[in-house]
Amino acid sequence: MNLKIVYVSVLMFGVAGLLLFMYLQAWIEEHHTVSEEKLQQHTVNQDFRYNPTEEHKRNLQHWNTSANFHKPSKVIFEDGRTQGKAEPVLEMAASLTTGLSEELQKIKLLLKQFKQVNLSQAIHPLNLSFIKNDSWKTTDEMQKKRRSVLFDFCAKNVHENRHWTHLLRMVSRIYVEDKHKILYCEVPKAGCSNWKRVLMVLSGLAKSTANITHDAVHYGKHLRKLDSYNLKGIHTRLKTYTKVISVRDPMERLVSAFRDKFEHPNSYYHPVFGKSIIKKYRPDADREALITGSGVKFYEFIQYLLDPHRPVGMDTHWEQINKLCYPCIINYDFIYKFETLEEDANYFLQLIGAPKGLTFPSFKDRHSTDKRTNSEVVRQYLAEIPAIERQKIYDFYYLDYLMFNYSVPYAEP
């Protein structure tokens, strides 16, 4: 038998088997979540309370119809000739491919829409049913203003042809509390430890926030993240739960992260980030610093941050908030600011009907003897940074400043 025919036969049977396996796997996933018709209808129409303009609709229709998910594969011999006895094998493989293509198209379209769905939506009012008096009126007005600023910014600056974002990546930092139907997007150095303590108490995992250690909060894995649910679970929660995001002045958050990770012993940030930063940005580094990675200076850290060719990647503690929580795609119902910590958080607990006596903890999670990072502390750190690089830091966090209405920072230290 011609070796080429044998090779093609084996190859085509393998392809057919792979297609069958993909079909079965996708079929199971589809039926494990929800029917195709409902998901497509929700996605294309008003999923996540998104109200498309006519231009949006045309763009979405073009996106759905132009994507070719099942172009037929072609096996071509190098010399372009057909081989007589190989034709039945090719015909059988083509038949299998044709039989599966329609279902594969539906499944891939379904998953594509869910993985790259646009979650933008109009502003809708908060649920005030648990608010019994007018004591929170000022805080409520501030929430409306924050949400309006963010919504207006996104409406003006995020266009239909922007990059589609993978759904699971967008929700990978969102924690879920099912009892009170809360989604909390974690922003490090913006009160995230205490927020997670509150979620643990709300879910019944702890009786008091005071007794939950730092390690239990961050390494105990007591809270589920939204990306751990199946597609239907993600869809339902995004549409029906109260979504909260915590933010902070980007420059304060940056300095707070540096103080926490580089000015105290740390078994991860010193050897991983510290060693690379010292090696690249300290010409006269001594042997001990190169070995331990300890003693990174703030100016060296800023050089790393602004370097387009960083020796190590970004970290969530100083990554831009818009890249952590996607606030122009997921419409957050409540915007908590670190600068007004107690008012915002305790108002939020009223909104969701939290148990009486539960208040947001204000204690410092770690390094409790250190002074909190505030505008005065930030100015001290920026004093060693040249003006041109201070401007570059602002440029780096430019979108966060605009989205959350923070003033232009520290032009002169």
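This is a predicted model: local features need pLDDT of at least 70, side-chain atom pairs count only at pLDDT 80 or more; totals for chains, interfaces and linings use all residues.
Let us begin with D140, which lies in helix α5, spanning residues 137-157. D140 is buried, with a relative accessible area of 10%. Its side chain makes a polar contact with the side chain of Y347, at 2.7 Å. If we set aside the neighbours within four places in sequence, D140 is in contact with L126, L128 and Y347.

L351 counts as buried, because its relative accessibility is 7% and the limit for a buried residue is under 20%. Which residues does L351 touch, leaving aside its neighbours within four places in sequence? They are L126, N127, L128, F130, I131 and F334. Of these contacts, please note I131: L351 and I131 are 220 residues apart in sequence, yet their C-alpha atoms are 6.4 Å apart in space.

Let us now consider a pair of helices. The axes of α11, residues 269-281, and α13 come within 10 Å and cross at roughly 90°. The two helices are therefore roughly perpendicular to each other. On the α11 side, the residues that meet α13 are F273, I277, I278 and Y281; on the α13 side, they are E300, F301, Q303 and Y304. By class, this contact comprises six nonpolar residues, one polar and one charged.

In α17, the residues E389, R390, I393, Y394 and F396 are buried. Why do they lie on the same side of α17? They do so because they cover an arc of only 160° around the axis. As a general point, an α-helix has 3.6 residues a turn, so residues three or four places apart point the same way. The buried residues of α17 pack against α10 (250-262), α13 (298-306), α16 (375-382) and α18 (398-403).

Finally, I would draw attention to two backbone angles. Most residues other than glycine have a negative phi. K189, however, has a positive phi, near 65°, and is found in the loop between β2 (182-185) and α7 (192-202). N405 likewise is not a glycine and has a positive phi, of about 60°. N405 is placed in the segment after α18. Is N405 buried, exposed or partly exposed? With a relative accessible area of 46%, N405 is partly exposed.

Notes. Residues are numbered from 1 along each chain as its sequence is written. Side-chain values use heavy atoms; hydrogens and water are left out. Buried means under 20% relative accessible area, exposed over 50%, partly exposed in between (1.4 Å probe, protein chains only). Helices (H or I, at least four residues) and strands (E, at least two) are DSSP runs, numbered from the N terminus. The arc is that of the directions from the helix axis to the C-beta atoms. Contact means heavy atoms within 4.5 Å. A polar contact is a pair of N or O atoms within 3.5 Å; within protein, one must be able to donate a hydrogen and the other to accept it, and residues adjacent in sequence count only if both atoms are side-chain atoms. Axes are lines fitted to C-alpha atoms, for helices over the stretch in contact, and angles run from 0 to 180 degrees between N-to-C directions. Angles under 35 degrees count as roughly parallel, over 145 as roughly antiparallel, 65 to 115 as roughly perpendicular and the rest as oblique. Ala, Val, Leu, Ile, Met, Phe, Trp, Tyr, Cys and Pro count as nonpolar, Asp, Glu, Lys and Arg as charged, and the others, Gly among them, as polar.
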